[in-house]
Amino acid sequence: MPDSTVVGLHHEEEHHPELLHHFAEPEQQRDAASFGMWIFLGTEVMFFGGLFLAYLIYRRLYFGDFGAASSSIKAGLGAANTAVLICSSLTVVLAIWGAQTARRSLMIGSLILTMLFGLTFLGIKGIEYKEKFDEHHVPGASFSFDHVPIPGHPDQYANPRHAEIFFALYFIMTGLHALHMIVGLGIFTWLLIMAWKGRFTPEYHTPLEIGGLYWHFVDIIWIYLFPLLYLIDRHR
Amino acid sequence: MSDHSKSSPLKTYFSVWIALLVGTFVTYEAAFIDLGRFNAVVALTIATIKALIVALFFMHLRHAHERLLKLVVIATIFFLFILIALSMADYATRT
Amino acid sequence: MATATIQPVERENYLNKHYGVGSWLFTTDHKRIALLYLISITFFFFIGGLFALLIRLELLTPAGDLVQADTYNKLFTMHGQVMVFFFLIPSIPAVLGNFLVPMMIGAKDLAFPRINLLSWYLYIIAGLMMVHCMLTGGVDTGWTFYTPFSTAFSNTKVIEAGLAIFVSGFSSILTGLNFVVTIHRMRAPGMTWSRLPLFIWAHYATSIIQILGTPVIAITLVLVVAERALHLGIFDPKLGGDPLLFQHLFWFYSHPAVYIMILPSMGVVTEIIACFSRKRIFGYSFVAFSSIAIAVFGFLVWAHHMFVAGISVYAALIFSILSYAVAVPSAVKVFNWTATLYKGSIHYDAPMLYAFGFVGLFTMGGLTGLFLAALGIDVHVTDTYFVIAHFHYIMVGGALMGYLGGMHFWWPKISGRLYPEGWARLAALIVFLGFNLTFFPQFILGYLGMPRRYFDYSHMPEFQVLNVLSTAGATVLGVGYLLPMIYFLWSMRYGKPAPDNPWNAAGLEWMTSSPPTTFNFETEPVVTWEAYNYDELDGGHKQEVKVAG
Ligand code: HEM
Ligand SMILES: [Cu+2]
């Protein structure tokens with residue numbers, strides 16, 4: 001995080017209220033925090049990695065059924081949500097830049113916008129889930145996916161059992177992602193309060209940077225989920 | 001620490017934002033064109049480019065004065081690759 | 001150097017600085033958190049031990065007479081789950097590692113002290129969930145949770161156990177994360193990577209596995225719980241799922257996890273062997289990098305647990321060969337320990353006896369691992385007592401011996417008291433003998449074909465002799481474990497006060513007071529010497545340091 005480092009460099013001599021006792025200097029504390037966050041994101045990659053593996057294996061085995069199931073979701077909703085998340089990532093970096101350059105209203109405004117985008121994402125997700133629920137595409141006792149043709153093979157129906165595996169993965173993957181969004185919203189509420197109280201200065205805004213890393217990461221996961229879940233075999 | 005005292009990063013941020021939106025649009029449109037087996041390739045390539053620029057520019061991995069952070073990313077991707085590749089080695093060769 | 005400089009007045013230290021339950025439950029001091037862990041894992045060690053005792057009692061006679069079949073399934077399941085997830089995985093890292101990592105690198109604390117405390121609380125929450133699960137009926141899936149039995153058939157508390165282990169995984173991840181950041185960011189001036197004690201390298205490698213492996217078992221357990229609760233079909237062949245996918249995911253963590261258990265122990269043994277042969281470790285960099293190599297290679301071999309499960313023969317071949325590769329760095333360590341002993345001036349204090357035990361038993365466990373990694377042999381002995389003996393040689397003969405050795409070695413630092421050396425040597429001997437008596441017969445049993453997880457072997461009464469030997473050994477082993485418990489507790493009150501460096505050992509942790517103060521060092525240490533500078537230490541003070549016993 002060079003931009004902030006450059007700003008922070010000249011202030012080391014002053015006593016820093018945010019410095020915890022066991023660190024020698026603020027620099028060390030900030031580096032430790034961001035390093036820790038990156039490692040945590042590494043664990044998140046492996047966490048979702050298990051799901052991606054499951055997805056890949058069954059997509060390979062049951063490609064046609066996955067295509068049929070995927071095509072039953074509105075791709076437009078997924079695309080819109082991708083755009084929403086991308087905008088929220090932009091407002092995150094703007095908030096940090098606002099803190100770095102002491103633009104308080106930019107910082108606070110961007111934080112609020114980020115959260116609004118986050119809520120919009122969850123709202124659209126809710127609409128999507130509602131539709132799936134109404135169509136009985138939620139795995140479980142009332143699941144039904146009968147007589148849905150496989151894309152490109154109008155004479156063949158998708159195997160409901162295999163489509164159910166797709167939907168199980170779809171709900172678990174997007175559900176865990178949404179859970180991460182909710183946690184992110186919690187973090188950003190806290191960041192907003194801190195920002196409002198004036199706790200972030202050009203020298204000290206580590207929590208913003210750490211929270212931002214998390215938010216961008218959740219965005220990256222979605223960047224993969226979108227084509228994998230919404231766009232299987234759409235062209236037929 | 002790469003000292004880049006250029007004016008402000010805003011230009012970068014907004015270009016990245018545009019690029020990400022364009023990438024999303026292209027992904028969406030490409031999915032409806034028949035590219036044979038390359039549909040998935042195109043979608044995943046674009047997704048990877050998008051993920052990369054988010055990491056490099058929004059998460060500031062590009063300027064990270066720490067080579068360490070890059071190491072974390074590379075190591076994680078490596079082990080994710082191991083998980084997927086060795087498992088697939090089983091599935092792909094089952095008789 | 002004077003023997004046992006006894007302080008007339010107790011100096012202020014991390015134990016007596018604050019009093020009261022709150023000062024412990026809300027502490028962020030890594031040393032106090034280490035003690036919280038010590039108490040909690042000891043509790044689980046006893047629970048796991050109780051299950052083991054019942055298993056061995058059942059097997060004393062060929063007939064299934066002590067417990068019912070269902071109960072027996074629960075016994076070995078919960079024995080495995082408690083011992084692996086609630087004792088061995090946290091044991092050395094969370095107790096000795098927590099206590100020593102900051103001190104060995106000259107830091108005041110771990111990088112994230114509050115996260116450290118959080119990780120203990122997560123462990124406790126997980127532990128309570130596990131205890132609740134056990135009290136309300138328990139689980140019977142085997143510690144491996146194999147599907148579709150766990151998801152579609154078992155009528156026991158799979159979900160609770162799965163969630164408990166899920167939560168304990170977060171505790172493990174946070175410990176690993178804390179260690180990695182601490183080792184990178186908090187080293188004292190002059191403490192370069194090549195001067196780090198090998199204990200630190202071992203913990204660094206362990207942490208990598210915890211960070212990269214644990215999330216995979218977490219998601220696997222999420223899938224199992226979801227599948228069981230919502231009747232999904234991801235692992236159910238009847239619904240189009242593949243149970244082998246579960247096994248891939250499970251072993252992707254659980255093979256590396258065996259190295260979470262053994263690597264820290266290797267670190268402990270390295271410190272002990274250097275100290276009690278008064279020598280620099282032979283081939284420092286080889287030992288350091290072999291830890292990293294084990295962590296990396298450990299991720300490439302998992303499907304050797306699935307040779308007979310139906311994976312492709314080509315994959316089985318690859319995994320078999322890769323499994324041999326992982327034995328190389330392990331062997332490097334054994335050779336380096338042996339070479340360190342060569343021409344050393346060896347002292348047979350209790351920690352060293354445990355270290356000897358470790359090297360011998362780990363070697364046996366590792367070599368039989370190679371038997372199992374050979375496809376042809378594995379088909380013959382998989383799911384028999386041969387496998388049980390293999391991993392107990394490593395996990396109990398290796399990891400647990402190392403843990404006990406480390407507890408003895410650093411007990412003076414932790415408690416500020418000396419333990420009774422004579423008793424300790426006796427206990428080490430009992431543990432070694434009891435261990436071999438328990439588990440060596442199991443190699444033979446397995447080779448002869450006794451399957452694991454059977455509670456009734458009345459069709460094969462000739463197996464009884466070996467089983468009786470094993471049960472007898474387990475009793476001896478139990479005594480061997482109780483002894484240290486008793487004299488450690490005894491020494492806290494009646495033990496002689498420990499000098500700062502009772503072993504005249506190298507390493508920063510021995511340069512502070514025993515027990516250390518809250519921030520470990522009076523002034524930030526500056527390191528100007530290499531690790532294991534025993535030649536300098538002994539050159540300076542010719543006479544030997546003998547600790548009373
Ligand atoms: C030297 C390297 C090692 C090799 C090549 C090796 C090989 C193997 C193989 C092939 C198996 C599967 C046997 C079967 O189920 O048929 C196995 C099982 C096992 N090993 Fe090892 N092993 C090694 C080291 C270790 C270590 C260091 C530990 C523990 C600290 C360990 C713990 C286990 C456990 C717990 C099992 C049984 C799991 C179960 O099915 O319940 N192994 N080992
Ligand atoms: Cu293994």
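User: I'm new to this structure. In chain C, what share of the contacts with a separation of 6 or more comes from residues 24 or more positions apart?

Analyst: Contact separation tells you how far along the chain two partners sit. In chain C of this predicted model, residues 24 or more positions apart account for 86% of the contacts with a separation of 6 or more.

User: And which elements should I look for, how many helices and how many strands in chain C?

Analyst: Count the elements before you trace them. Chain C has 16 helices and 0 strands. Its radius of gyration is 23 Å, close to the 24 Å that the globule rule gives for 549 residues, so chain C is as compact as a globular protein of that length.

User: What percentage of the residues in chain C is buried?

Analyst: Burial is judged by counting neighbours, with 20 or more other C-beta atoms within 10 Å as the cut-off. By that test, buried residues make up 58% of the 549 residues in chain C.

User: Now the ligand. Which residues come nearest to ligand 1?

Analyst: Start with the shell, then ask who supplies it. There are 23 residues around ligand 1, and C:Val258, C:Gly369, C:Leu372, C:Thr382 and C:Phe391 come nearest. Two or more residues each come from α8 (243-276), α10 (313-341), α11 (350-373) and α13 (385-415) of chain C. The top contributor is α13(C), which gives 6 residues. Sorted by class, the shell has 13 nonpolar, 9 polar and 1 charged residues.

User: How many residues of chain A are in contact with chain B?

Analyst: For an interface, count both sides, then find the elements. Here 36 residues of chain A are in contact with 41 residues of chain B. On the chain A side, α1 (2-8), α2 (26-61), α4 (75-100) and α7 (206-230) each supply at least two residues. The most comes from α2(A), with 11 residues. By class, that side of chain A divides into 25 nonpolar, 7 polar and 4 charged residues.

User: What ipTM and pTM does the predictor give the complex?

Analyst: Those scores go with the complex: an ipTM of 0.92 and a pTM of 0.93.

Terms used. Residues numbered from 1 in each chain as written. Chains lettered and ligands numbered in written order. Predicted model: local features only at pLDDT ≥ 70, side-chain atom pairs only at ≥ 80, totals over all residues. Near = placed C-beta within 6 Å. Helix = DSSP H or I, 4+ residues; strand = E, 2+ residues; numbered from the N terminus. Nonpolar A, V, L, I, M, F, W, Y, C, P; charged D, E, K, R; others polar. Rg over C-alpha atoms; globule rule 2.2 N^0.38 Å. Buried ≥ 20, exposed ≤ 12 C-beta atoms within 10 Å, placed from the backbone. Contact = placed C-beta atoms within 7 Å.
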